[in-house]
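Hello,

Here is the structure I promised to pass on.

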Amino acid sequence: MASGEDDDPIIEEIDVYLAKSLAEKLYLFQYPVRPSAMTYDDVNHLSAKIKPKQQKVVLEMAINTLSPNYCRSKGEQIALNVDGTIYEESNTYSTKIMDKQTFTSIQATTNTSRYAAAVFRKGELHITPLQGILQMRPSFTYLDKADGKQREREAANEGGDSSQDEAEEDVKAVTVRFSRPESEQARQRRVQSYDFLQKKQAEEPWVHLHYHSLKDGRSEHERQYLYCQTMDATENSELVKTPKEYLAMLMPPLAEEEIVRPMGPSNVLSMAQLLKVIPFANLMGLLASGVDSTAVLRCIQQVALLVQGNWVVKSDVLYPKNTCSPHSGVPAEVLCRGRDFVMWRFTLERSLMRKEVAAIIKLPPEDVKDFLEHVAVPRFNRMWEFALPCDSGFTKKHPDVANRQNMLWLGIQSKLEKVFNFNKDDFVPKNDPVPEPVHVSGEQRLKAAQELARQSQATLQRDHLARKRPDVQVKQEPLSDGEGEQEPMDTAPDASLNAASLNATFRRECVLTLSELKRLFNLHLASLPAGRGCSLMAVSDRMLQDAILLSQCKQILVPKVFGVWETGETFDKHRRLLYEVFAANHRVRKKVIQNRLAQEFGDDLAKSDVDRLFRECCVSMGGMWYLKGTAQS
């Protein structure tokens, strides 16, 4: 024992004191959008205000408009957009330039009981509990004000100037309605709704504060309160404990745990809270060997619900009473109802749409995302699929448990129907009708066999030609959204992709995307008689592009868009000029193209040629002109 003490000697003992003078007034501000070396200590703070109950702080700080990094023209433009040209006392920027910025706070954590601020002086450590930890981020509400000004100006322009001598407004009849008394159930829904909570938060008045800089005399005075004012041990009884009391604080008696946790294996609740969703077989594998499965099953039903054969932790376990959301501050009761709705929907179907869920439970998107992340995973089609496969083996092995869980879900469903005002039939997935079996007679089978034999014979006859000069077939791709019906691509009689067929196609269409060219070619193959084109081989996009470039066509500087370049007509120079215009920008106004044509060809340009150029090569959308096939991208 002596040797162990020599290996780990005590170097120094430090007295720890608990300061309480600022225990309910001390906040920690974090500025996550700025490096720690660039502090705001030397920045002029114009104003500060706080809502103590919500722990919401707003700071206004000056911007150095004389800095070489400040763009004065942009600052003036932002001030003009926000306040307009008329000076008012309520203007955001009274100096007609953006000379300040606003910071608003969000809570970094709702539980600050584990955090404290500490100062070390003369071998003594003084700690003060924190009231809140706030992250200060820039606020852009002035942009909303600028948008509102813009909408007001647009509305005024549409309405036109009204005459000063306009007659008084016509007298209109007013219908007086009396609202019926609000039921208790409707009142509870209204009180617990997100809109009502936002309104209650807005009702809390702002408390305006005075800011004192780091080196100000008042700051130095307040900083002294970070030290414990009474050094007597009786006043700091929280930190004066006997070894036995300190050990009891670290390891509470088992009797206290039995009050909080359900009967059964002591770590079932902690596993359920950690994993959120787990199959029963996996849960038994995580527990110690020799644990009775019946006891575990009895315990898990107290903290979890059965969804698709898997156990999902209950909402009231994740969101205990008298707590709130870390994102929006919504009470735990409202969060539990929203999460129960999500879990109930997963008892009916495998996948959910996040927007549909949010539209019904009417909670902030951050909370809805948390609900889904507990039990589901996102998929490529914006759906959230249940995280685990359906465990039908458990429901077959324990039918009594499954029936009991179904009864619990029926009770939860009836409560949710009253709160969210929906009908279960709206969410029951509709199964597609099963097609009736088709009976094929012997004669039909014989005809099908004969047709297959004729196709095989035609294939064998052309096999030696395919070896000498293999034909090509473009890989199948989904049909593009073309405008109107298109004629199939002209190809040679043997369906090969040669230069003549490409020339004929581009003379008719002028501009084609690679996917549209594939579609036309496959339309032609589909129109061939049975057996034709069976020996065609698939080619890559690169081979198809090379064939196009060898057919007097060129690729325009838009991805995979090709246009006819040389046809022998005088109209070719008009197309080339159009391609040059679209090489700089994929969408152009019609006036720009007309001016460029007039500048290049002068009086020789006919209106019919301009109309033909737009008709053959371009499409219009939203007042802009695009090359064919590029409007959607």
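Three strands make up an open sheet, ordered S13-S15-S14, with antiparallel pairing. Strands here are DSSP runs of E, at least two residues long, and helices are runs of H or I, at least four residues long, both numbered from the N terminus. Two strands pair if DSSP finds at least two bridges between them. S13 (351-353) and S14 (376-378) are the edge strands; each has a single partner strand, so one side of each lacks a neighbour in the sheet. From one strand to the next, the twist averages 30°.

This is a predicted model, where local features need pLDDT of at least 70, side-chain atom pairs count only at pLDDT 80 or more, and totals for chains, interfaces and linings use all residues. Residues are numbered from 1 along each chain as its sequence is written, and side-chain values use heavy atoms, with hydrogens and water left out.

S13 and S15 (residues 383-386) run antiparallel and are joined by three bridges. Met 353 has Met 383 in S15 as its bridge partner. Two helices pack on this sheet. H13 (residues 332-346) touches S13, S14 and S15 (contact: heavy atoms within 4.5 Å), and its direction makes about 135° with that of S13. Angles run from 0 to 180 degrees between N-to-C directions, with axes as lines fitted to C-alpha atoms, for helices over the stretch in contact. H14 (residues 354-361) touches S13 and S15, at about 65° to the direction of S13.

Now the other sheet. It is open, has three strands in the order S1-S7-S6, and its pairing is mixed. S1 (15-18) and S6 (116-121) are its edge strands, each pairing on one side only. Six bridges link S6 to S7 (residues 124-129), and the two run antiparallel. Ala 116 stands opposite Pro 129 in S7.

Best wishes
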